[in-house]
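I am opening a notebook page for this protein and want to write down, step by step, what I looked up.

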Amino acid sequence: MTFKKLLLASVIGCALGTPAWAANMVLNNVDPAGVGFNDMTPAVPVGGNAGTTVGAQRLIAYKRALELWGKTLASNVTIVVQGSFARLTCTATGGTLAQAGANQIFSDFPNAPLPGHWYGSALANSLAGVDLAPGGPDVPGPTDEFTDDIVANFNGDVGKADCIAGPGWYYGLDNQAPAGQTDFLDTFMHEVAHGLGFQNFASEATGSTILGLPDVYMAYTRDLTNGRQWNTFTAAEIVASAIRNGKVVWSGPKVTAAAPLVLGPYQGIRVSGTLSKELEFGTASFGAIPDVNNFKGAIVVGADATGSSLGCVAPITSAVAGKIALMDRGVCGFAVKAKNAQLAGATGVIIANNNGGAAIGLGGADATVTVPTIGISAADGAAIKAALPGVNVEYFSDASRQAGTEGGFVRLYAPTVVAPGSSISHYDVVASPNLLMEPAITTDLRSARNLDLTPALMQDVGWKIETLKIGACDTGVPSVLANGELLHASVDACKASSGNQGQFVSCMNKVTNDAKSRGWITGAQHAGITSCTARGTP
């Protein structure tokens with residue numbers, strides 16, 4: 001049986017190709033003239049992006065992201081990614097940066113590893129070895145066959161006064177976004193990963209599945225409370241499991257094996273004094289990253305000029321100077337609350353979720369916010385308030401535990417209140433270092449060179465990893481290492497920085513010697529790369 005699921009309507013576009021090796025991923029640009037990818041507003045080249053208009057920079061950044069994924073995954077079927085920069089839902093203080101997913105899904109196709117399970121079309125095509133829904137890029141109208149594989153829409157109004165106000169998108173290719181700007185490359189690498197397979201097709205709110213069938217992602221989603229996989233659950237069991245914070249994990253063998261290579265010691269935050277416990281927390285996309293040196297001290301409720309703990313109306317009137325300000329979620333953006341607390345002298349900020357919600361990552365942008373800020377659950381926020389005064393907080397590291405894991409598996413995001421579009425189809429926010437596929441894009445991601453545990457999950461659901469090519473020479477070595485390091489990005493960097501063959505060989509020797517010394521590649525793999533390097537051209 002095959003089935004095509006239309007997730008988003010398509011509009012007119014044209015295609016932009018990537019290089020012919022590895023998985024060929026192309027953009028179907030559906031923006032109208034003068035808008036989005038076609039925006040002719042002048043722009044200054046930045047971070048390796050030579051575009052001189054906003055639209056050109058968007059196209060270059062999009063093309064580079066498709067190239068990075070294309071060199072990572074193996075497929076003999078072209079993957080069409082429909083893209084646009086139309087405005088998405090937003091206000092001055094928050095909103096949607098981007099949204100993406102599979103455009104159609106299939107089950108029981110030729111070579112399907114799991115019968116009776118849905119697969120997104122990009123993966124299904126790769127496994128089948130043929131395009132299961134052939135045709136040109138999607139176009140509007142009654143004859144549209146909806147053949148695109150992934151839909152990835154980005155908010156073109158980010159940075160405007162009425163849409164996540166601030167400096168907006170950073171289109172550089174180097175992951176060096178200035179404070180306050182949102183790294184487009186990181187965001188795109190995250191979003192296209194959903195379309196490639198980092199998503200399920202079940203409703204966490206109702207437990208329903210399409211035509212009553214589970215999907216391959218559910219086959220590796222495990223609930224530790226009963227030791228069962230989601231593809232065996234009833235609708236009621238899915239609903240119950242989706243909000244078991246800390247108890248829903250990814251059980252795939254590739255992710256489990258790679259976790260020790262990526263995740264560090266457990267990074268935690270605990271309170272002491274009149275209340276003693278560890279806190280689940282998420283980090284913010286603005287301000288300093290919390291650590292053992294900058295996040296500690298007495299907690300004080302950050303009451304604003306209206307007396308509210310929302311912290312939205314400056315000035316903060318409570319005595320937060322030199323202390324950690326505790327505020328509640330709601331009304332204004334997270335960065336606004338943090339800025340108000342910072343202006344009052346707070347050294348750190350805690351924002352408690354509302355409506356019974358679990359700990360969350362905090363989105364938003366403000367380059368002037370420097371204090372570390374975390375998000376905690378509504379229950380922990382209430383418990384701290386009830387114990388004040390006399391509650392102190394500190395950040396700590398515990399090498400005996402692995403950050404972001406439970407029972408030997410990597411945790412999935414399962415807040416106690418379902419977050420549509422975020423619950424389950426992300427890694428948990430407690431991972432450290434932060435992972436590309438957490439619900440919020442953070443400032444410490446480096447997707448231009450490393451995709452952490454994302455390629456491992458891709459392998460678990462069925463993708464094959466492409467081998468590293470240097471010129472026309474195939475090294476036979478996986479193009480991405482088990483720790484998510486993109487070897488092919490290192491080759492690209494060496495090519496870009498080398499003026500001749502000798503410089504290229506010298507650069508690549510440093511890359512491969514370092515990888516071998518760290519145990520990331522074997523001696524035989526080192527020899528394979530060295531041999532191709534000698535024959536390749538910069």
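**From one bridge to the whole chain**

I started in the model, which is predicted, by looking for the residue that faces Asp-223, and I found that its bridge partner is Arg-228 in β14. I then looked up the two strands involved, and noted that β13, which covers residues 221-223, pairs with β14 in the antiparallel sense over two bridges.

Next I asked myself in what order the strands of this open sheet lie. I wrote down five strands, in the order β14-β13-β15-β25-β24, with antiparallel pairing. At the edges I found β14 (228-229) and β24 (405-406), each of which pairs on one side only. As a reminder to myself, strands of a sheet pair through backbone hydrogen bonds, and they may do so in a parallel or an antiparallel way.

I then stepped back to the protein chain, for which I recorded 11 helices and 28 strands. Its C-alpha trace spans about 65 × 55 × 50 Å along the principal axes. I checked the radius of gyration as well: because a compact globule of 538 residues would have a value near 24 Å, the 23 Å of the protein chain agrees with that expectation.

For contacts between residues at least 6 apart in sequence, I noted that 66% join residues at least 24 apart. Of the 538 residues, 54% count as buried, while the chain exposes about 19900 Å², of which carbon and sulfur atoms supply 57%.

Key. Residues are numbered from 1 along each chain as its sequence is written. This is a predicted model: local features need pLDDT of at least 70, side-chain atom pairs count only at pLDDT 80 or more; totals for chains, interfaces and linings use all residues. Side-chain values use heavy atoms; hydrogens and water are left out. Helices (H or I, at least four residues) and strands (E, at least two) are DSSP runs, numbered from the N terminus. The radius of gyration is taken over C-alpha atoms; the globule rule is 2.2 Å times the number of residues to the power 0.38. Buried means under 20% relative accessible area, exposed over 50%, partly exposed in between (1.4 Å probe, protein chains only). Contact means heavy atoms within 4.5 Å. Accessible areas come from the Shrake-Rupley method with a 1.4 Å probe; for residues, only the protein chains shown count as cover. Two strands pair if DSSP finds at least two bridges between them.
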